[in-house]
Amino acid sequence: EPNFSPDGLSTRSHAEYVEGDTLNAMIKEDLIAERIAIDSYREMIQYCGNDDPTTRRMLEGILAMEEEHAEDLGSLLQELGELLLEVLGVVAHLLVELVGVLLDHLLELLVVLLHFGGERLLVRLVREELLVLLLHLLGELRVEAVQLVRELLQRGAHAIFVWVFYI
């Protein structure tokens, strides 16, 4: 009597069953299993040789389907990779936009603080290193701080500006 239980099938299987955690991992595991099946069918075809042409043709038909499945899975993996790159590009663009908006708001806050608080408040900010952090962030992101420098100099904070950049 045939044994079709999952345990019985897995003990006779040519490929090991590995459960993937992600869609990409599942497809890779399926592709590995397809390639193992392809190798197995090739061995069976070679074993049959010319002695049993009917079985050989049947196995060659199954082999062709398995090769098509493997090709489909390989294409799917490639498309998923391209899609992932596209999604990462969109996320990177959104992060750049978000950082730009954040920097705009930080610059506006600095200008407002200069306008209402004068140099005394700016000195307190420098002492707390907020301004230094902001200028460092601007430098790291290659953002031109021309407007910030202009505003600092217009508000009479030349000495503080020089102090921040030369310390």
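**Stop 1: Arg42 and Glu67**

Select Arg42. At 44% relative accessibility, Arg42 counts as partly exposed. The model on screen is predicted. The Arg42 and Glu67 side chains form a salt bridge, with N to O at 2.8 Å. Color the helices next. Arg42 belongs to helix H2 (residues 23–48) and Glu67 to helix H3 (residues 53–127), so this pair ties together parts that lie 25 residues apart in sequence. Glu67 counts as partly exposed, at 32% relative accessibility.

**Stop 2: Arg56 and Glu60**

How many salt bridges are there to find? The count comes to two. For the other pair, select Glu60 and Arg56. Their side chains meet in a salt bridge, 3.1 Å from N to O. Both residues sit in helix H3, four residues apart, which puts about one helical turn between them. Show the surface here. Glu60 is partly exposed at 32% relative accessibility. Arg56 is partly exposed as well, at 25%.

**Stop 3: Glu34**

Go back to helix H2 and select Glu34, which is found there. Is Glu34 buried or exposed? Glu34 is buried, and it has no salt bridge. Side chains of opposite charge can pair when their charged atoms come close. For Glu34, the nearest side chain of opposite charge is Arg35, at 9.2 Å. A salt bridge needs a nitrogen-to-oxygen distance within 4 Å.

What does Glu34 touch? Leave out residues up to four places away in sequence, and the contacts are Glu66, His69, Ala70 and Leu73. Select these four with Glu34 to see the contacts together.

**Stop 4: His69**

Keep His69, one of the residues that Glu34 touches. His69 is found in helix H3. At 35% relative accessibility, His69 counts as partly exposed. His69 and Leu31 are 8.1 Å apart in space. In sequence, 38 residues separate them.

**Stop 5: the nonpolar patch**

Select Leu83, Val87, Val91, Leu95 and Leu98. Together these residues make a nonpolar surface patch of about 440 Å². Zoom in on Leu83, which has its place in helix H3. Leu83 counts as partly exposed, with 46% relative accessibility.

Key:
Residues numbered from 1 in each chain as written. Predicted model: local features only at pLDDT ≥ 70, side-chain atom pairs only at ≥ 80, totals over all residues. Heavy atoms only, no water. Helix = DSSP H or I, 4+ residues; strand = E, 2+ residues; numbered from the N terminus. Buried < 20%, exposed > 50% of the residue type's maximum accessible area, 1.4 Å probe, protein only. Lys, Arg positive; Asp, Glu negative; His and termini not counted. Contact = heavy atoms within 4.5 Å. Patch = residues over 30% accessible without salt bridge, like charges linked within 9 Å, V, L, I, M, F, W, Y side chains within 5 Å. Areas by Shrake-Rupley, 256 points an atom, 1.4 Å probe, with all protein chains shown as cover.
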